[in-house]
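Take a moment with the sequence and the model before reading on.

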Amino acid sequence: MHVVLVGPPGAGKGTQARGLSATLAVPHISTGDLLRALAGASTELGRELAGILSTGALVPDTITNEIVRRRLSEPDARAGSLLDGYPRNRTQARALDTALAAHGRELDRVLELVLDDEIALTRLLSRGRGDDTEAVIRHRQHLYRTQTEPVLEHYAGRVVTIDADGTVEQVAERALRALREE
Ligand code: AMP
């Protein structure tokens, strides 16, 4: 089963993706994690990525699409994957469709996590990652509403939506129920 997690910054995508990946026995593919790892390298690409990540802007689609295409070609991702933080816009959604089609697959489900921006802001400020300053969070929230929400229309009919306000366990239970019911 190939599943994409979509939700505003701070909705708990990473936390839920880790749990679901274990339960569904598919790899967790987080473009944020992959990009942060690349940004840590002292190469030209590493420095370019570190600069972009610190502002909360999106990394160019060509880079992100290629990272995901390669990761999905690895044997452990053939039967399924849990994508977290990707696709973040319609161009990436089309690239994902092409990457899955190359292996005779298509996206099965989009799990949408819904959370109020102010609650998410409080959560993120307590997490304290490098790109978790209020101005950068506001920018990421804006990009989510304008760029990423249209991905839900792209996958209309395959989207299941849950409330992401609650404990990790409560949200995990809602997520599993939503994925199994549909
Ligand atoms: P995340 O860990 O998903 O919150 O992502 C952290 C940062 O990584 C984002 O603010 C972007 O700068 C970058 N990033 C992660 N995923 C993508 C993506 N699919 N496309 C472009 N940039 C991304």
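Start at alanine 57. One of its backbone N or O atoms lies 2.6 Å from an oxygen atom of the ligand. Keep in mind that this is a predicted model. The protein covers 95% of the 480 Å² of accessible area that the ligand has on its own.

Threonine 31 places a polar side-chain atom 2.8 Å from a ligand nitrogen. Glutamine 92 does likewise, with a polar side-chain atom 2.9 Å from a nitrogen atom of the ligand.

Now widen the view. How many residues surround the ligand? There are 17, and the closest are Thr31, Ala57, Gly85, Arg88 and Gln92. By type, the shell divides into 6 nonpolar, 6 polar and 5 charged residues. Which helix gives the largest share of this shell? Helix α2, residues 31–39, does, with 4 residues. As for the space that the ligand takes, this is the largest pocket.

Stay with helix α2 for a moment. Side chains of opposite charge can pair when their charged atoms come close. Look for aspartate 33 and arginine 36. Their side chains meet in a salt bridge, at 2.9 Å from N to O. Why are these two residues about one helical turn apart? The reason is their spacing: they are 3 residues apart in helix α2, so about one helical turn separates them. Across the whole structure, a search finds 15 salt bridges.

Next, turn to the backbone. Two loops deserve a look.

One loop runs between α1 (13–24) and β2 (28–30), and alanine 25 has its place there.

Which kind of peptide bond joins tyrosine 86 and proline 87, cis or trans? The bond is cis, with omega at about -5°.

Finish by going back to the ligand. Find Gly85 and Arg88, which are among the closest residues to the ligand. Then return to threonine 31 and its polar side-chain atom, 2.8 Å from a ligand nitrogen.

Conventions: Residues numbered from 1 in each chain as written. Predicted model: local features only at pLDDT ≥ 70, side-chain atom pairs only at ≥ 80, totals over all residues. Heavy atoms only, no water. Near = heavy atom within 4 Å. Polar contact = N/O pair within 3.5 Å; in protein donor to acceptor, adjacent residues only side chain to side chain. Areas by Shrake-Rupley, 256 points an atom, 1.4 Å probe, with all protein chains shown as cover. 1 Å grid on protein atoms, 1.4 Å probe; cavity = no way out; pocket = protein on both sides within 12 Å on 5 of 7 lines; lining within 4 Å. Sits in = over half its atoms within 2 Å of the grid points. Nonpolar A, V, L, I, M, F, W, Y, C, P; charged D, E, K, R; others polar. Salt bridge = Lys/Arg side-chain N within 4 Å of Asp/Glu carboxyl O.
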